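Hello,

Here is the structure I promised to pass on to you. Please open it alongside this email, and then read on for what turned up.

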Amino acid sequence: MPKRPGAIKCRSGKTKVTMSDAELQIFADLETLSHAVARQFAAIATQAVAAHRRFSVVLSGGGTPQTLYRLLAQQPYRDQLPWAQTHVFWGDERCVAPDHAQSNYYQARVALLNHVAILPNHIYRVQSELEPASAASDYAGQLQIFAARGQAWPRFDLVLLGMGNDGHTASLFPGPIAPAEQTAPTLAVTTAYQGRPAKRVTLTPLVFNAARHIFFLATGASKAAALAAVLYGPHDPEQWPAQRIQPTQGSLIWFVDQAAAAQI
Ligand code: 6PG
């Protein structure tokens with residue numbers, strides 16, 4: 001169960017009470033935010049490889065992380081990050097062909113993965129050309145193979161998440177919480193959002209919340225109302241899916257820009 005109430009530590013040093021233990025970092029804009037995330041991404045990658053010889057990361061879709069992905073493909077990260085020990089998954093995927101411009105896998109490939117020394121067999125993509133239910137089941141199988149013996153899914157070193165204007169995250173959308181969300185690692189979902197492909201596969205909070213570190217990235221004025229509600233509003237995870245993200249034994253940091261933080 002989420003710990004309530006908890007504390008949000010602002011960059012200014014102010015502490016505010018909110019619905020969970022989390023840290024909030026506020027930046028002037030997407031560019032400075034992305035540089036800060038890249039530095040913290042690199043620190044976690046290095047620590048993970050030192051601690052257990054590999055770094056497992058879950059990427060998010062959407063427009064917000066693309067600047068981060070492009071930064072990670074450049075120096076110093078391109079040469080300094082432990083790409084050969086890095087294993088990449090996705091928090092959600094749109095069910096389109098893997099070379100479709102709206103594929104989360106494709107977008108991450110173009111911005112990042114094509115430019116670094118990651119091993120092809122360390123890229124665990126959702127088989128998005130399949131029907132969502134089959135793709136979800138295949139992805140659950142990939143998680144199990146990667147997980148520690150006896151576990152159904154891995155404890156990821158780092159999970160990147162975004163948030164929609166409606167408070168959704170990954171492909172966990174507002175509305176009644178599907179029972180499978182509380183029992184299965186992956187889920188097939190159909191929801192229309194901003195003209196993006198509606199058929200999707202998502203990891204569930206069971207997997208996200210087991211991670212060592214979770215970074216939420218949210219920018220722009222259109223996210224301001226949802227951000228205030230998610231962080232400071234009543235606990236209502238059906239209406240605000242981002243509130244379903246509560247790491248059980250990990251850290252959660254929100255990286256937001258001033259426009260998104262305007263109503264906090
Ligand atoms: C997706 C996502 C989704 C995304 C948010 C925010 O596949 O669409 O993973 O959850 O993170 O919709 O998207 P933006 O960064 O484009 O606002």
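**A salt bridge to start with**

Asp92 and Arg200 form a salt bridge, with their closest N and O atoms 3.3 Å apart. Asp92 sits in strand 6 (residues 92–94) and Arg200 in strand 9 (residues 199–203), so this pair ties together parts that are 108 residues apart in sequence. If you wonder how such a pairing comes about, side chains of opposite charge can pair when their charged atoms come close. The structure holds 5 salt bridges. Please keep in mind throughout that this is a predicted model.

**Around the ligand**

Asp92 comes up again here: the ligand is surrounded by 16 residues, and the closest are Thr64, Asp92, Ala170, Arg196 and Lys223. What kinds of residue make up this shell around the ligand? The shell divides into 8 polar, 5 charged and 3 nonpolar residues.

- The side chain of Lys223 has an N or O atom 2.7 Å from an oxygen atom of the ligand.
- The side chain of Asn104 has an N or O atom 2.8 Å from an oxygen atom of the ligand.
- At Gly61, a polar backbone atom is 3.2 Å from an oxygen atom of the ligand.

On its own, the ligand has 410 Å² of accessible area, and the protein covers 95% of that.

**Two spots in the backbone**

Ala170, one of the closest residues to the ligand, has a phi near 45°, which is a positive value in a residue other than glycine. You will find Ala170 in the loop between strand 7 (158–162) and strand 8 (186–190).

Now look at Gln75 and Pro76, which are joined by a cis peptide bond with omega at about 0°. Pro76 lies in the loop between helix 2 (66–72) and helix 3 (77–80).

**A pocket to explore**

Rolling a probe the size of a water molecule over the atoms shows where empty space is left. The second largest pocket holds about 310 Å³ of space. Its lining is made up of 17 residues, and Ala148, Trp153, Pro154, Arg155 and Arg212 lie nearest the centre of the pocket. By type, the lining of this pocket has 7 nonpolar, 6 polar and 4 charged residues.

Enjoy looking around!

Notes. Residues numbered from 1 in each chain as written. Predicted model: local features only at pLDDT ≥ 70, side-chain atom pairs only at ≥ 80, totals over all residues. Heavy atoms only, no water. 1 Å grid on protein atoms, 1.4 Å probe; cavity = no way out; pocket = protein on both sides within 12 Å on 5 of 7 lines; lining within 4 Å. Points joined across faces, edges and corners; volume = space filled by probe spheres on them. Nonpolar A, V, L, I, M, F, W, Y, C, P; charged D, E, K, R; others polar. Near = heavy atom within 4 Å. Polar contact = N/O pair within 3.5 Å; in protein donor to acceptor, adjacent residues only side chain to side chain. Areas by Shrake-Rupley, 256 points an atom, 1.4 Å probe, with all protein chains shown as cover. Salt bridge = Lys/Arg side-chain N within 4 Å of Asp/Glu carboxyl O. Helix = DSSP H or I, 4+ residues; strand = E, 2+ residues; numbered from the N terminus.
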